[in-house]
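Biologist: I have a structure open and would like to go through it with you. Could you take me through the main points?

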Protein chains: 2
Amino acid sequence: MIVIRDEEIRRLVRFEVVLAALERAFVALEEGASSIFDVARGRGGGPEHFFAVKSAREGSIPMLGLKAGSYAPGNHARGLDAHTSTTLLIDDATGAPLAVVEANYLNALRTSGVNALATRRLARPDAATLGIIGIGHQAIYEALAVCHVRPIERIIAVGSDAGRRAKFVEGVRTRLERWGHRANAGVDIEFADARTASSNADVLVTVTPSRAPIVQAAWVRPGTHISAMGADDVGKQELDVDLVSNALCFADHPEQSIRIGEFQHAHKAGRLSLQGLRERTLGRLIRDPDSCTRSPETITVFDSSGLAIQDIAAAHAAMLAVRLQS
Amino acid sequence: MIVIRDEEIRRLVRFEVVLAALERAFVALEEGASSIFDVARGRGGGPEHFFAVKSAREGSIPMLGLKAGSYAPGNHARGLDAHTSTTLLIDDATGAPLAVVEANYLNALRTSGVNALATRRLARPDAATLGIIGIGHQAIYEALAVCHVRPIERIIAVGSDAGRRAKFVEGVRTRLERWGHRANAGVDIEFADARTASSNADVLVTVTPSRAPIVQAAWVRPGTHISAMGADDVGKQELDVDLVSNALCFADHPEQSIRIGEFQHAHKAGRLSLQGLRERTLGRLIRDPDSCTRSPETITVFDSSGLAIQDIAAAHAAMLAVRLQS
């Protein structure tokens, strides 16, 4: 068993490599080669410290694995990120542990990676304006992911905290350069309210812990693609049910999406069927992009509820990158 | 994050240290300071490869953690053990990973450790004959655990495979010496059928993957203590329901015991109440041994269904032992 450190991953693992691993993982999921196991949830010490373990068999490698994830907001006072992720890779045949991976940076990539994969297939090719609701740590990576797959010239971001605003601008600008997106480095970043961001966006990304709808149906123009990244638990919601019900909806995992993802609310209201979502998975979109034709006026919504196969695929890609280097 | 190797643990971690950690863990569980999270179960590749992740907050340290455990019988053909365990220790306040522990040997100790703790408090002080049903790898450690807490002179073991019999005898003898039990090193080890072992035992241990009762009520003498170590899933069973119903029953975790442990069958038959078991936990027995008085003729049964707090407590003890040494 080897340990792969966060700093090695930052140095050696390119976003494009994670995207390729995620593509293979979602195709394998679609083809029935993977299994997602139950999520274990609990609490750590300290205020509002949430802990979860997600595990799966990722059939494209194939490999067993798990991610232990903590959200401990008390960390901010210690100068640490609230989120900590650790991934364990386990041999599919023998059960032997192969690698333990410090997955903080990798977690940001594996989450924004599915946004990139969905946006690449669903957004208009000439999408130039990104609306992004939420300006926390993950929002930086979501903005980068969209810039990676579309020629974004303008980002309209929503969030009022002055410190976070500064970090968001700095984070997006420096990483765009570091990731080699010199063409985007001059991207215009401005702040506005949710209505302005939503109504001007070609691509709209929501990345908040909200428990009430933020984006209203009337705000969104025809042809907009929306990636709903925030909802991953019962009660979480970022989009109005009318917006979801009238859009063409795609999910990373239909069953999980209607249980804990953004689509739980439209499904509960009887306005979005599980049957329909099963025809419109991310895996199918990757394997057969033509299966989901639509008019240029259609609003599309992709719901990312988050799966352990993403963690396993990304950690495995990181392990290979580190091995190549050493 | 540090890695703790199996060989370091074999060299540095004494059984008594694991017992002390388990005692603290079960008292903390009893006092409501710990939480057990849901178990995630799945399958790996290859025939009959079962995978499970158990996680918890162990309140006596306190620390978060998880154990990934595989049972892959295909490993035998590769010259490997079928069981592989890996434990991850996570900071209770921040969620930071602290140690990843190769827990194969530790798993044997953490499982037989609870048997030792229960037998220490429930078996007659002069118990000299151990009956043990099952002679696999874990049975060796269960025999050692009982020898650790009672003056065992004779072991009557049940199992027909000649190769396993030889390994069992060799395993028990060499480890008794290595563990410093020179007084027990001359212990007599013989093989017999389940009836003979059960009816001659002062302490009876069952450690099989059985799905039907092996030990019949009529075989067991008054005053015998039984540790039922095998059942840890729906459908598993080692003891006759009559035996359980007429004994004084103790559990590591009453709710889990009636769901997946030995007591699921007597409970389903309406002959063992959850309420009663809640009065007779291992934690209570440790904290207040006098709370469970009984006549010398009473048959006692302890059911070990297996908890992640054992893995966390044992791995933490191992981490401290390794740190002390380095």
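Modeller: Chain B and chain A bury about 2900 Å² between them, and 68% of that area is on carbon and sulfur atoms. Please bear in mind that this is a predicted model.

Biologist: Which residues of chain B lose the most area to chain A?

Modeller: Those are Met1(B), Phe51(B) and Thr94(B), which together make up 19% of what that side buries.

Biologist: And how many residues of each chain are in contact?

Modeller: The contact involves 37 residues of chain B and 37 residues of chain A.

Biologist: How many salt bridges does the rule find across that interface?

Modeller: The rule finds 0 salt bridges between chain B and chain A. For polar contacts, the count is 10 residue pairs, with both residues at pLDDT 80 or more.

Biologist: Which elements of chain B give two or more residues to that side?

Modeller: They are strands S3 (40–43), S4 (50–58), S5 (63–71), S6 (83–91) and S7 (97–102) of chain B. The largest share, 5 residues, comes from S6(B). By class, the side of chain B that touches chain A has 17 nonpolar, 11 polar and 9 charged residues.

Biologist: Let me pick one residue, Val3(B). Where is its place, and what is it in contact with?

Modeller: Val3(B) is in strand S1 (residues 2–4) of chain B. Leaving aside neighbours within four places in sequence, Val3(B) is in contact with Met1(A) and Val3(A) from chain A, and with Glu8(B) and Val100(B) from chain B.

Biologist: What separates Val3(B) from His253(B)?

Modeller: Their C-alpha atoms are separated by 30 Å, and the two residues are 250 places apart along the chain.

Biologist: Changing topic to the sheets. What is the strand order in chain A?

Modeller: Chain A has an open sheet of 7 strands in the order S10-S9-S8-S11-S13-S16-S15, with parallel pairing. Strand S10 (188–191) and strand S15 (248–251) of chain A are the edge strands, each pairing on one side only. The twist averages 15° from one strand to the next.

Biologist: How does S15(A) pair with S16(A)?

Modeller: S15(A) and strand S16 (residues 300–303) of chain A pair in the parallel sense over 4 bridges. Within that region, Cys249(A) stands opposite Val301(A) in S16(A).

Biologist: Which helices pack there?

Modeller: Helix H3 (residues 104–122) of chain A lies across S11 (203–206), S13 (225–228), S15 and S16 of chain A, and runs at about 165° to S13(A). Helix H5 (residues 162–178) of chain A also packs on the sheet, where it touches S8 (129–133), S9 (154–158) and S10 of chain A. The direction of H5(A) makes about 165° with that of S10(A).

Biologist: And chain B? What is the order there?

Modeller: In chain B an open sheet of 7 strands runs S10-S9-S8-S11-S13-S16-S15, with parallel pairing. Its edge strands are S10 (188–191) and S15 (248–251) of chain B. Neighbouring strands of this sheet are turned by 15° against each other on average, direction ignored.

Biologist: How many bridges join S13(B) to S16(B)?

Modeller: There are 4 bridges between strand S13 (residues 225–228) and strand S16 (residues 300–303) of chain B, and the two strands run parallel. The bridge partner of His225(B) in S16(B) is Thr300(B).

Biologist: Which helix touches S8, S9 and S11 of chain B?

Modeller: That is helix H4 (residues 137–149) of chain B, whose direction makes about 160° with that of S8(B).

Biologist: Back to salt bridges. How many are found over all chains?

Modeller: A search of the whole structure finds 36. One example is Arg5(A) with Glu102(A), whose closest N and O atoms are 3.1 Å apart. This pair links distant parts of the chain, 97 residues apart: Arg5(A) is in the loop between S1 (2–4) and H1 (6–12) of chain A, while Glu102(A) is in strand S7 (residues 97–102) of chain A.

Biologist: Why can such side chains pair?

Modeller: Side chains of opposite charge can pair when their charged atoms come close.

Biologist: Last topic, the backbone. Where is there a cis peptide bond?

Modeller: One joins Ile61(A) and Pro62(A), with omega about -15°. Another joins Ile61(B) and Pro62(B), also with omega about -15°. Pro62(A) lies in the loop between S4 (50–58) and S5 (63–71) of chain A, and Pro62(B) is in the loop between S4 and S5 of chain B.

Biologist: What is phi of Glu48(A)?

Modeller: Phi of Glu48(A) is near 55°, a positive value in a residue other than glycine. Glu48(A) is in the loop between S3 (40–43) and S4 of chain A.

Conventions. Residues numbered from 1 in each chain as written. Chains lettered and ligands numbered in written order. Predicted model: local features only at pLDDT ≥ 70, side-chain atom pairs only at ≥ 80, totals over all residues. Heavy atoms only, no water. Contact = heavy atoms within 4.5 Å. Buried area = accessible area lost by both parts, 1.4 Å probe. Salt bridge = Lys/Arg side-chain N within 4 Å of Asp/Glu carboxyl O. Polar contact = N/O pair within 3.5 Å; in protein donor to acceptor, adjacent residues only side chain to side chain. Nonpolar A, V, L, I, M, F, W, Y, C, P; charged D, E, K, R; others polar. Pairing = 2+ DSSP bridges. Axes fitted to C-alpha atoms, helices over the stretch in contact; angles between N-to-C directions.
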